[in-house]
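Me: I've got this one open on my screen and want to know where the labels come from. Can we go through them one by one?

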Amino acid sequence: MEEKRAEWSSHISFILATVGSAVGLGNVWRFPYIMGKYGGAVFLFTYLFLIAFICIVPLCAELALGKMSRKDTVSAFSLINPKLKGFGWLCVITVVLISCFYFVVGGWILQYLWLFITNNIPENFSQYFPVFASGTVVPVILTILFLILCAVFPFRGVNKGIEKANNIMMPLLALMLVLLAIYSLTLPGAKEGLEFMFKPDFSKFDSTMVLTALGQALFTLSIGMGAILTYGSYMKKDTKILKSSYTLIGFDTTVSLLSGIMIFPIVFSFGVEPTAGPTLIFISLPEMFSQLPFAQALGALFFILILFAAVTSGISMLETAIASMIENFNLTRKKATVILSVFIALVSIPSVFSFGIMKDFLIFGKTFFDFLDFITSNILLPLNTAIICLVAGWLVKSIKKEAFGEGIISNIFYFLLKTIVPLIFIIVLVAGLI
């Protein structure tokens, strides 16, 4: 067990690490296709409002709980009330379940990066992807490789591993994203792509779109799984939470916007529907890259970008569970990392096989992969977020000043924390079940 709780060495290291936790496949994969499906600009403006005025509340609360307790997720809730220890474990279980399908997608990214680096680009990705994903050996190996790649950093510790990884990968991710976005703006479909992103059609505004935008905001900020609380526990005591939270939201949203600016001009240049969905990154975009000048370099750069985003989020998922294992089972960091990695590797195998030999094995009508996705995104994340708000708002007296500071804004956010925001996420939970 670690004798002294680690701290981020600087404020910028904290911001980069927390942004690394938030910025992931939710930004560069899920955000563009969800935005494409739900009307472009009208979805974007709804999302921006929700993330700035609603999701900021549980984000600040979760960071504050970590900073105040200086403990892992389980121990933090145990300090508030020993009866809440089970809820702390529910957050840990949530993040582990997410890892068990998220890391499968990480393995796919490694495969695509290899294809473009070696210039072994398939002629037809729509035929290639289903065959590759349904494999029994290569996808499993790649999932484990991606898991190892992520696990190396928490294995080395907070400062030597996690902090260094984010200090290097996040600036490089931003640079690559800007370069690809600039390139996309030179394409023939740039005007149509930007109009789709920023010229709203309010006829497409409806309740389903609002709930989807709220779910996306929750997913992209890593709220409700204990990752933000864990990273908050490494904060320096003089860090201002509300200011830091808006900085985090600013960076996270910028990455999402740049991802859209990078992707939609390409989509419109080739006449592809922006509603292409989850296949956008593994079928539509690779096929379009293969037809552009400098196809190999562009494709490799794109999948390096996606890989960095996936790894930084993967690190935070592992660290959330590792920190709780260290403090509750008196394990060393290295032993906890190995035990957790072996467990995730084993549970990830049925997720891999969901696209092949286990595709007919259904749980409530869903494959194992889709079931994990559904139960975490639609049930556990909104449930956990609602509970975090209620616990912080009603049981932690000092949360108001620690999370929101003082003044009128603090009073408004504190009222939202105790009442409106948990109610909203309960509605999201019910809608997700329906």
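This is a predicted model: local features need pLDDT of at least 70, side-chain atom pairs count only at pLDDT 80 or more; totals for chains, interfaces and linings use all residues.

Me: What angle do α4 and α13 make, and why is the pair called oblique?

Reply: The axes of α4 (residues 56-69) and α13 (residues 241-269) come within 10 Å and cross at roughly 125°. Perpendicular stops at 115 degrees and antiparallel needs over 145, so an angle between those cut-offs counts as oblique. That makes α4 oblique to α13. As for handedness, α4 passes α13 in a right-handed crossing.

Me: And what makes α3 and α13 roughly antiparallel?

Reply: Again it's the angle: the axes of α3 (residues 41-53) and α13 cross at roughly 165° and come within 11 Å. The cut-off for roughly antiparallel is over 145 degrees, and therefore α3 and α13 get that label. Their crossing is right-handed. On the α3 side the contact is made by Leu44, Tyr47, Leu48, Ile51 and Ala52, and on the α13 side by Tyr246, Ile249, Asp252, Thr253, Ser256 and Leu257. By class, that's eight nonpolar, two polar and one charged residues.

Me: How do α6 and α17 pack, and what is the hand of their crossing?

Reply: Helix α6 (residues 85-117) and helix α17 (residues 368-395) have axes 10 Å apart and an angle of about 145°. The crossing of α6 past α17 is left-handed. Among the contact residues are Phe87, Leu90, Cys91 and Thr94 of α6, with Phe369, Leu372, Asp373 and Thr376 among those of α17. The class count for this contact is 16 nonpolar, three polar and one charged residues.

Me: What makes Thr94 buried, and what does Thr94 touch?

Reply: Buried means under 20% relative accessible area, and Thr94 has 0%, so it's buried. Thr94 is found in α6. Leaving out residues up to four places away in sequence, Thr94 touches Gly224, Met225, Thr376, Leu380, Leu381 and Asn384.

Me: Is Gly88 buried or exposed, and how do you know?

Reply: Buried, because its relative accessible area is 0%. Gly88 also lies in helix α6. Not counting residues up to four places away in sequence, Gly88 touches Thr73, Val74 and Phe77. Gly88 and Met68 are 20 residues apart in sequence and 15 Å apart in space, C-alpha to C-alpha.

Me: What about Leu305: where is it, and what is it in contact with?

Reply: Leu305 sits in helix α15. With neighbours within four places in sequence set aside, Leu305 is in contact with Leu173, Met176, Leu177, Leu180 and Met262. Leu305 is called buried because its relative accessible area is 0%. Leu305 and Leu149 are 156 residues apart in sequence, yet 15 Å apart in space, C-alpha to C-alpha.

Me: How many disulfides are there, and why does Cys60 have no bond?

Reply: The count comes to zero disulfides. A disulfide needs two cysteine sulfurs within 2.5 Å. The closest cysteine sulfur to that of Cys60 is in Cys389 at 11 Å, so it's too far for a bond. For Cys389, the closest cysteine sulfur is in Cys55 at 9.4 Å, and that's too far for a bond as well. Cys60 is buried, with a relative accessible area of 0%, and Cys389 is buried with a value of 0% too.

Me: What is phi at Asn119 and Phe294, and where do they lie?

Reply: Phi of Asn119 is near 60°, a positive value in a residue other than glycine. Phe294 isn't a glycine either, and has a positive phi of about 60°. Most residues other than glycine have a negative phi. Asn119 is in the loop between α6 and α7 (125-133), and Phe294 is in the loop between α14 (284-289) and α15 (295-329).

Note on methods. Residues are numbered from 1 along each chain as its sequence is written. Side-chain values use heavy atoms; hydrogens and water are left out. Axes are lines fitted to C-alpha atoms, for helices over the stretch in contact, and angles run from 0 to 180 degrees between N-to-C directions. Helices (H or I, at least four residues) and strands (E, at least two) are DSSP runs, numbered from the N terminus. Angles under 35 degrees count as roughly parallel, over 145 as roughly antiparallel, 65 to 115 as roughly perpendicular and the rest as oblique. A crossing is left-handed if the near helix is turned anticlockwise from the far one by less than a right angle, and right-handed if clockwise. Contact means heavy atoms within 4.5 Å. Ala, Val, Leu, Ile, Met, Phe, Trp, Tyr, Cys and Pro count as nonpolar, Asp, Glu, Lys and Arg as charged, and the others, Gly among them, as polar. Buried means under 20% relative accessible area, exposed over 50%, partly exposed in between (1.4 Å probe, protein chains only).
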